Structures are given as C-alpha cells and as structure tokens.
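Here is a short note to read beside the model. Take the points in order and find each residue as you go.

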Amino acid sequence: MLYTLSKAQYDLNELTPILAQITENDALVLWQDGVLLAVKYPQLFTKISHLFILTNDIEARGLSPLFKSITLTEFVKITETFYPQVAL
C-alpha cells in the first residue's frame, strides 16, 4: 500500500496511530506541506522502511532532506510498485 501525507496539521497524537499502520511492505511519501512533518517529528519516521519525500517540495520550503528525497518521475515509479494509494 502507498500512503501519502500532504498536510502538516497532524499533531503527535493523530500522527502516531496513522504511522503505526505502515508495515515494511508499504511506502510513505511526504509531499506538499506533508514534508514539514519530517522536520517536526523526525523520530516518528525513522522506522519506516520505504519513506520518500518529494525533492520539489523540500526545495520550495527551503529545507534540507532528512530522509530519501525523490523526483516526480521516481514518485510515479513508486506508485507502480506500491498500491493502492491512501491519501491522508
């Protein structure tokens, strides 16, 4: 399954159970304002095997990548490997 997070409004109590659902067979992509979650709660993301952050969104916010960053082309390839998609 592919999980995507595009918003940064989640607090720790909301985000923890969401991330607990993600297994080693799943992938998580942070994009748009969702990239800010990796900065705010980096400790929550360290155990996710397939974690990706869109490079364009990191650069647009003036951030440095803390985790594996990907291009839009790479994102498309990830959607082919991990499906269905759950947008959160």
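Which residue forms a salt bridge with Asp-57, and how far apart are the closest N and O atoms? Point 2 takes this up.

1. **Ground rules.** This is a predicted model, in which local features need pLDDT of at least 70, side-chain atom pairs count only at pLDDT 80 or more, and totals for chains, interfaces and linings use all residues. Residues are numbered from 1 along each chain as its sequence is written, and side-chain values use heavy atoms, with hydrogens and water left out.

2. **Salt bridges.** The partner of Asp-57 is Arg-61, with the closest N and O atoms 3.7 Å apart. A salt bridge here is a side-chain nitrogen of Lys or Arg within 4 Å of a carboxyl oxygen of Asp or Glu. The whole structure holds 2 of them. In the other, Arg-61 pairs with Asp-33, and the closest N and O atoms are 3.0 Å apart. That pair links distant parts of the chain, 28 residues apart. Arg-61 sits in the loop between helix 4 (55-60) and strand 4 (69-70). Asp-33 sits in the loop between strand 2 and helix 2. Helices (H or I, at least four residues) and strands (E, at least two) are DSSP runs, numbered from the N terminus. Side chains of opposite charge can pair when their charged atoms come close.

3. Shared partners join Asp-33, Asp-57 and Arg-61 into one network of salt bridges. Are these residues buried or partly exposed? Buried means under 20% relative accessible area, exposed means over 50%, and partly exposed lies in between (1.4 Å probe, protein chains only). Asp-57 has a relative accessible area of 14%, so it counts as buried. Arg-61, at 30%, is partly exposed. Asp-33, at 37%, is partly exposed too.

4. **The largest core.** A nonpolar core is a set of buried Ala, Val, Leu, Ile, Met, Phe, Trp, Tyr and Cys residues joined through side-chain atoms within 4.5 Å. The largest one has 18 residues. Leu-5, Leu-15, Leu-19, Leu-28, Leu-30 and Phe-45 touch the most other members. At least two residues each come from strand 1 (2-5), helix 1 (12-20), strand 2 (27-30), helix 2 and strand 3 (51-54). A second, separate core has 9 residues, including Leu-2, Ala-27, Val-29 and Phe-75.

5. **Leu-28 and Val-86.** Val-86 lies in strand 5. Leu-28 and Val-86 are 58 residues apart in sequence, yet their C-alpha atoms are 9.5 Å apart. Val-86 is partly exposed, because its relative accessibility is 26%.

6. **The cavity.** How many cavities of 30 Å³ or more are there? The count is 1. A cavity is a set of points on a 1 Å grid over the protein atoms alone, where a 1.4 Å probe fits but cannot get out. Lining residues have an atom within 4 Å of a point. Points are joined across faces, edges and corners, and the volume is the space filled by probe spheres set on them. The largest cavity holds about 50 Å³. Its lining includes Val-35, Ile-53, Ser-64 and Pro-65. Helix 2 (residues 35-40) gives the largest share, 3 residues. By class, the lining has 8 nonpolar, 1 polar and no charged residues. Ala, Val, Leu, Ile, Met, Phe, Trp, Tyr, Cys and Pro count as nonpolar, Asp, Glu, Lys and Arg as charged, and the others, Gly among them, as polar.

7. **Backbone points to check.** Most residues other than glycine have a negative phi, and most peptide bonds are trans. Gln-32 has a positive phi, near 50 degrees. Gln-32 is in the loop between strand 2 and helix 2. A cis peptide bond joins Tyr-83 and Pro-84, with omega about -5 degrees. Pro-84 is in the loop between helix 5 (72-81) and strand 5 (85-87).

Key: 1 Å grid on protein atoms, 1.4 Å probe; cavity = no way out; pocket = protein on both sides within 12 Å on 5 of 7 lines; lining within 4 Å.
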